[in-house]
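Please keep the sequence and the model open while you read.

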Amino acid sequence: MAEESDLEKTEPASPRRLEQAREEGQVARSRELATFALLAAGVGGMWMLAGRISEGFSLLMRQGMQFEPATAMDPQRMLAHAVRAGGDALLTILPLLGLIALAALAAPMMLGGWLFSSKALAPNFSRLDPIKGLGRVFSTQGLAELVKAILKTVLVGSVAYWAIARDKDAVFGLMSQSPKTSLPHVGEMTIVCCALIVLSLLLITALDVPFQLWQHYKKLRMTREELRQEHKEMEGDPHLKAHIRQLQRQNARRRMMADVPKADVIVTNPTHFAVALEYRDDMGAPRVLAKGTDLVAQRIREIGVEHRVPILEAPPLARALHRHVEIGQEIPAALYTAVAEVLAWVFQLRRWRTEGGAQPNRPDALPVPAEFDEPRRAKRATQRGDAA
């Protein structure tokens, strides 16, 4: 067979394509999931709040049936009474309305998460095209909607018939009961019937959610040419690459600064360079946790002061560490002696802070090889040139 045509959308959507679709308001949505959530919240709320709602409306009915001649003859008092009764009715059902509103907000977030896109609110006159409308009616989605509607009708009708037939004797028995006794039974049977119907919709929801996800990702599929073009744009855009590098540097700097409080010592230049060192018993050699110049070096010193990390001014060692050791790496063997003297001073300083006694002297004239100290090596080269 010939190689598959690039014009066919056979490739899954790239992360960039998914993000663009989300910005345009295109996310997977299931009407059946939203319907099920709303009905479940309504029935569950009625079940939990039935007593409170019943008492509230009974009180409103008793108050409404009371006749006061002064109120009946005064339109303003009648209006105030009606407004007060309406407010009491609203407060009675407010918890139920709040539960339903919460379900209405939570249901869409189960698939596509929270999304607000102004592009989705923009008018799209192509939706008014009758040809495209007929295409949507006879499409796979239209067929699926028809099948769901038939299945829902059959399910809901069957469950409702079964629930009523199951309580047929109880329904006929209500006629021999007083209203005060029969009303609670009617409410209970109604809620049970509604709950069974809502549970039957769970089957439709379980079928619709995977179908909507599959259809959403199928709609966003890309051709191989589109993938190649997107990759070319992302790799070739200098602004995008610069932005990515900037974000990477910022993330690396944040991680580096977060490690400074764990350092054993900070070696400085004293102003141009700063290198934070750490040494633990399980390490082969001391390791550089953070390093920087100028403003970054200043920030490293400030964090060190905040967390009481010892700071030592040793310009040759600071320059050598900054130039020859990357963050996260162990120091080279040529600097072991100099760093060992620094760590010995750090351990003595810790003992002095806890036990007292004579304050240890800061180490100076640390043995840093000339090949690791650029300024000193350049100076020697200049001196040899002058001598020649």
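1. Start with one term. A residue is buried when its relative accessible area is under 20%, exposed when that area is over 50%, and partly exposed in between. Arginine 308 has a relative accessible area of 61%, so it counts as exposed. Keep in mind that this is a predicted model.

2. Now the whole chain. The protein chain has 15 helices and 4 strands. Of its 388 residues, 29% count as buried. Take the contacts with a separation of 6 or more: residues 24 or more positions apart account for 74% of them.

3. Next, the record. UniProt, in an unreviewed entry, places the feature "transmembrane region" at residues 33-50, 93-117, 146-164 and 189-214. Two of these spans can be compared with the model. Residues 33-50 are 100% helix and 0% strand, and the end C-alpha atoms lie 25 Å apart. Residues 146-164 are also 100% helix and 0% strand, with end C-alpha atoms 27 Å apart.

4. Look at glutamate 145. This residue lies in helix 7, which covers residues 140-166. Along the chain, glutamate 145 and aspartate 208 are 63 residues apart, yet their C-alpha atoms are separated by 9.5 Å.

5. Which residues does histidine 216 touch, not counting residues up to four places away in sequence? They are Gln26, Val27 and Ala28. Histidine 216 itself is in helix 9. It is buried, because its relative accessible area is 13%.

6. Turn to the second largest pocket. Its volume is about 450 Å³. The lining has 13 residues, of which Ala50, Ser54, Leu183, Pro184 and Gly187 lie nearest the centre of the pocket. Helix 2 (31-65) and helix 9 (179-219) are the elements that give two or more residues to this lining. Helix 2 supplies the largest share, 7 residues. By class, the lining has 8 nonpolar, 3 polar and 2 charged residues.

7. Now the largest nonpolar core. It has 25 residues, and Val265, Leu277, Leu317, Leu321, Leu335 and Val368 touch the most other members. Strand 1 (265-268), strand 2 (273-278), helix 13 (315-324) and helix 14 (336-355) each supply at least two residues of this core. The largest share, 7 residues, comes from helix 14. There is also a second, separate core of 14 residues, which includes Met256, Val260, Ala297 and Ile303. As background, nonpolar side chains tend to be buried together in soluble globular proteins.

8. Is isoleucine 266 buried or exposed? Its relative accessibility is 0%, so isoleucine 266 counts as buried. The residue sits in strand 1. Leave aside its neighbours within four places in sequence, and isoleucine 266 is in contact with Val260, Ala274, Val275, Ala276, Ile300, Gly304, Val309, Pro310, Ile311 and Leu312. Isoleucine 266 and alanine 314 are 48 residues apart in sequence, and 9.7 Å apart in space from C-alpha to C-alpha.

9. Phenylalanine 372 is a loop residue. Its loop runs between helix 14 and helix 15 (374-387). The relative accessible area is 15%, under the 20% cut-off, so phenylalanine 372 is buried. Not counting residues up to four places away in sequence, phenylalanine 372 touches Ala320, His324, Pro332, Ala334 and Leu335. Proline 316 is 56 residues from phenylalanine 372 in sequence, and the C-alpha atoms of the two are 8.4 Å apart in space.

10. Finally, check the backbone at two residues. Aspartate 294 is not a glycine, yet it has a positive phi of about 55°. It lies in helix 12, residues 294-306. Its relative accessibility is 44%, so aspartate 294 counts as partly exposed. Arginine 308, from the opening point, is also a residue other than glycine with a positive phi, near 60°. Where does arginine 308 lie? Its place is in the loop between helix 12 and strand 4 (311-313).

Notes: Residues numbered from 1 in each chain as written. Predicted model: local features only at pLDDT ≥ 70, side-chain atom pairs only at ≥ 80, totals over all residues. Heavy atoms only, no water. 1 Å grid on protein atoms, 1.4 Å probe; cavity = no way out; pocket = protein on both sides within 12 Å on 5 of 7 lines; lining within 4 Å. Points joined across faces, edges and corners; volume = space filled by probe spheres on them. Nonpolar A, V, L, I, M, F, W, Y, C, P; charged D, E, K, R; others polar. Core = buried A, V, L, I, M, F, W, Y, C linked by side-chain atoms within 4.5 Å. Buried < 20%, exposed > 50% of the residue type's maximum accessible area, 1.4 Å probe, protein only. UniProt positions renumbered as here; feature names shortened; annotations may be inferred. Contact = heavy atoms within 4.5 Å.
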